[in-house]
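Dear colleague,

Please find below the structure that I am handing over to you, together with its sequence. My notes on it follow directly after.

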Amino acid sequence: MENVVLIILLLLALALIGVVLLQRSEGGGLGMGGGGGLMSGRSAATALSKVTWILGSAFMVAALAMTIIAARNSAGSSVLDRITDAPAPAAAETDGGALGGESLLPPVPLGDGAAPLVPDAN
């Protein structure tokens, strides 16, 4: 069901983009501009604005439905709950992990008796 609503939402978004780009531009933007064709300028603007309102309303309803479906599928769990419930790997961190005890940092030069800048991890 979630996939069907998502596809409807995407199709509505594409249709809404197309209808908005077809509208007459007041300031010479991306619209087709000009006059002529099947409808006069005023009736075309009215029809396109009605279609824009219908598609916009349908898009909002589909987005709301998608939110409700996603909230119902989450089953009241949080991302933080998933992180805290995961078992912590104990053996991998104590023996040096996947690197076998090697450090990713370059060796620290110990000049004339000075303490190292990075404490030894072992």
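**Findings**

In this chain, 66% of the contacts with a separation of 6 or more are made between residues 24 or more positions apart. Please bear in mind from the outset that the model is predicted.

The chain holds four helices and zero strands, and its elements follow the order α-α-α-α from the N terminus. Of its 122 residues, 10% count as buried. The accessible surface amounts to about 10,000 Å², and carbon and sulfur atoms account for 68% of that area.

The mean pLDDT of the chain is 74, with 51% of the residues at 70 or more. Helix H1 has the highest confidence, at a mean of 93, whereas helix H4 (residues 91-94) has the lowest, at a mean of 49. Where pLDDT is low, the predicted coordinates should not be read in detail.

The largest nonpolar core consists of six residues: Leu9, Leu12, Leu16, Val19, Leu55 and Ala62. Helices H1 and H2 are the elements that contribute two or more residues to this core, and H1 provides the largest share, with four residues.

Ala13 is found in helix H1. The C-alpha atoms of Ala13 and Phe59 are 6.8 Å apart, although the two residues are separated by 46 positions in sequence. Ala13 counts as partly exposed because its relative accessible area is 22%, which lies between the limits of 20% and 50%.

Ala58 belongs to helix H2. It is 42 residues from Leu16 in sequence, with a C-alpha to C-alpha distance of 9.9 Å. Ala58 is likewise partly exposed, with a relative accessible area of 29%.

Thr52 also has its place in helix H2, which spans residues 41-73. Is Thr52 buried or exposed? Its relative accessible area is 19%, and Thr52 is therefore classed as buried, the cut-off being under 20%. Beyond the neighbours within four places in sequence, Thr52 contacts Leu16, Val19, Val20 and Gln23.

Leu48 is another residue of helix H2. Setting aside residues up to four places away in sequence, Leu48 touches Val19, Leu22 and Gln23. Leu48 and Arg24 are 24 residues apart in sequence, and their C-alpha atoms lie 9.1 Å apart.

Finally, I would draw your attention to the surface. Ile7, Leu11, Leu14, Ile17 and Leu21 form a nonpolar surface patch of about 510 Å². Among them, Leu14 is located in helix H1, which covers residues 2-22. Leu14 counts as exposed because its relative accessibility of 58% is over the 50% limit.

With kind regards

Key:
Residues numbered from 1 in each chain as written. Predicted model: local features only at pLDDT ≥ 70, side-chain atom pairs only at ≥ 80, totals over all residues. Heavy atoms only, no water. Buried < 20%, exposed > 50% of the residue type's maximum accessible area, 1.4 Å probe, protein only. Contact = heavy atoms within 4.5 Å. Areas by Shrake-Rupley, 256 points an atom, 1.4 Å probe, with all protein chains shown as cover. Patch = residues over 30% accessible without salt bridge, like charges linked within 9 Å, V, L, I, M, F, W, Y side chains within 5 Å. Salt bridge = Lys/Arg side-chain N within 4 Å of Asp/Glu carboxyl O. Core = buried A, V, L, I, M, F, W, Y, C linked by side-chain atoms within 4.5 Å. pLDDT = per-residue confidence, 0-100.
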